[in-house]
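Please view the sequence and the structure together.

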Amino acid sequence: MSIYDPLRLKLECVRERCVAFTFSEIEEILGRPLPRSAYRFSAWWGNESALKAGHSQARAWTTAGFKTGSVSLSRKTIEFHRISPRVAP
């Protein structure tokens, strides 16, 4: 089980095509702080090589059918955009 599974589960419940979170909201979802690199490097939020590089955070949102969009390190916000159709429960 990944520490990012709560984020995956949250995104799996999203009905919209796009959703934005503050870093604080993501920390609440995870029940723990994000690593410092999430606050310092926009690349931490990248989608590429999620499986090859073993980035468990990227695997969480791509498995949920999303990719990251706009990230603002200054405002501490991230957008997720749906990349696959939502499967009805």
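Which residues does Thr68 touch, not counting residues up to four places away in sequence?

## Basis of the report

The model is predicted; local features need pLDDT of at least 70, side-chain atom pairs count only at pLDDT 80 or more, and totals for chains, interfaces and linings use all residues. Residues are numbered from 1 along each chain as its sequence is written, and side-chain values use heavy atoms, with hydrogens and water left out.

## Surroundings of Thr68

Thr68 touches Trp45, Gly46, Asn47, Trp61, Ile78, Glu79, Phe80 and His81, not counting residues up to four places away in sequence. Contact here means heavy atoms within 4.5 Å.

Thr68 lies in strand 2; helices (H or I, at least four residues) and strands (E, at least two) are DSSP runs, numbered from the N terminus. With a relative accessible area of 10%, Thr68 is buried. Buried means under 20% relative accessible area, exposed over 50%, and partly exposed in between (1.4 Å probe, protein chains only). The Thr68 side chain reaches the backbone oxygen of Trp45 at 2.7 Å.

## Helix 2

Helix 2 spans residues 23-30, and Phe23, Ile26, Glu27 and Leu30 are buried in it. Seen down the helix axis, these buried residues fall within an arc of 100°, so they line one face of helix 2. The arc is that of the directions from the helix axis to the C-beta atoms.

The buried residues of helix 2 pack against helix 1 (5-12), strand 1 (18-22), helix 3 (36-40), strand 2 (66-72) and strand 3 (77-82). Just after helix 2, Gly31 takes a positive phi of about 75°.

## Aromatic pairs and cluster

The structure holds eight aromatic pairs. Rings of Phe, Tyr and Trp (its six-membered ring) pair if their centres lie within 6.5 Å; planes under 30 degrees apart count as stacked, over 60 as edge-to-face and the rest as tilted. The rings of Phe23 and Tyr39 have centres 5.1 Å apart and planes at 80°, so this pair is edge-to-face. The pair links distant parts of the chain, with Phe23 in helix 2 and Tyr39 in helix 3, 16 residues apart. Phe23 counts as buried at 1% relative accessibility, whereas Tyr39 counts as partly exposed at 26%.

Trp44 and Trp45 also form an edge-to-face pair, because their ring centres are 4.6 Å apart and their planes lie at 75°. Trp44 is buried, with a relative accessible area of 12%, and Trp45 counts as buried at 2% relative accessibility. One aromatic cluster is formed by Tyr4, Phe21, Phe23, Tyr39, Trp44, Trp45, Trp61 and Phe80.

How values were computed. Polar contact = N/O pair within 3.5 Å; in protein donor to acceptor, adjacent residues only side chain to side chain.
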